[in-house]
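Welcome! Try each task before you read its solution.

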Amino acid sequence: MTFEQAKADIKRRHLREFVPLEERKGNFFVCPICHSGAGPKKTAALKIDPVTYHVTCFSGGCFGDKGEDTPGALMKIWNCGLREVLKRAGYDIDQDHSGREARTVTTTSTTATLCSTIWLILSTM
């Protein structure tokens, strides 16, 4: 499976497939970050849309002002990047050497341009 296929697939899956969530009422759960809903009033603020699986915490804004999709929420819960999320979620990603090489060339090219610019500035001083 390619990186893009895995990314598209995980977006169609519910957060509780990856993180144990305690359901309160309707589509509300105890937030795994701020623990809203775990107190004596049990008023959970984590809402997961039943169609899009978009995750929003109305208590602490744990997933930003607009919320997150499943991989974005997992990145915040697990405190890691998207590649690590896909790995932890059990996706076996094919190595895309051409994409990695292209990024490396771009980074090297940008670094070389920056170095020549700095050299020009310093040599004119």
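Residues are numbered from 1 along each chain as its sequence is written, and side-chain values use heavy atoms, leaving out hydrogens and water.

**Exercise 1. Find the pattern that the protein chain follows along the sequence.**

Solution. Start with the elements: helices (H or I, at least four residues) and strands (E, at least two) are DSSP runs, numbered from the N terminus. The protein chain has four helices and three strands. Next, read them along the sequence, which gives α-β-β-β-α-α-α.

**Exercise 2. Work out which residues of helix H1 are buried and what they pack against.**

Solution. First, buried means under 20% relative accessible area, exposed over 50%, and partly exposed in between (1.4 Å probe, protein chains only). In H1, which spans residues 3-11, the buried residues are Phe 3, Ala 6 and Ile 10. They lie on the same side of H1 because they cover an arc of only 65° around the axis, taking the directions from the helix axis to the C-beta atoms. Then look across: these buried residues pack against helix H2 (70-78) and helix H3 (82-88), where contact means heavy atoms within 4.5 Å. Finally, return to Phe 3: Arg 83 lies over the face of its ring, 4.4 Å from the ring centre. Such a charge counts if NZ of Lys or CZ of Arg is within 6 Å of the ring centre and within 35 degrees of the ring normal.

**Exercise 3. Locate Ser 59 and list its contacts beyond four places in sequence.**

Solution. Begin with the loop between strand S3 (55-57) and H2, where Ser 59 is found. Leaving aside neighbours within four places in sequence, Ser 59 touches Cys 34, Ser 36 and Ala 45. Now take Cys 31, 28 residues from Ser 59 along the chain: the C-alpha atoms of the two are 8.8 Å apart.

**Exercise 4. Decide where in the protein chain confidence is lowest and where it is highest.**

Solution. The chain averages 81, and 76% of the residues score at least 70. Helix H4 (residues 97-123) is lowest, at a mean of 44, while H2 is highest, at 96. Over residues 101-116, pLDDT stays under 50, and the model has one contact beyond four places in sequence for them. Where pLDDT is low, the predicted coordinates should not be read in detail.

How values were computed:
Predicted model: local features only at pLDDT ≥ 70, side-chain atom pairs only at ≥ 80, totals over all residues. pLDDT = per-residue confidence, 0-100.
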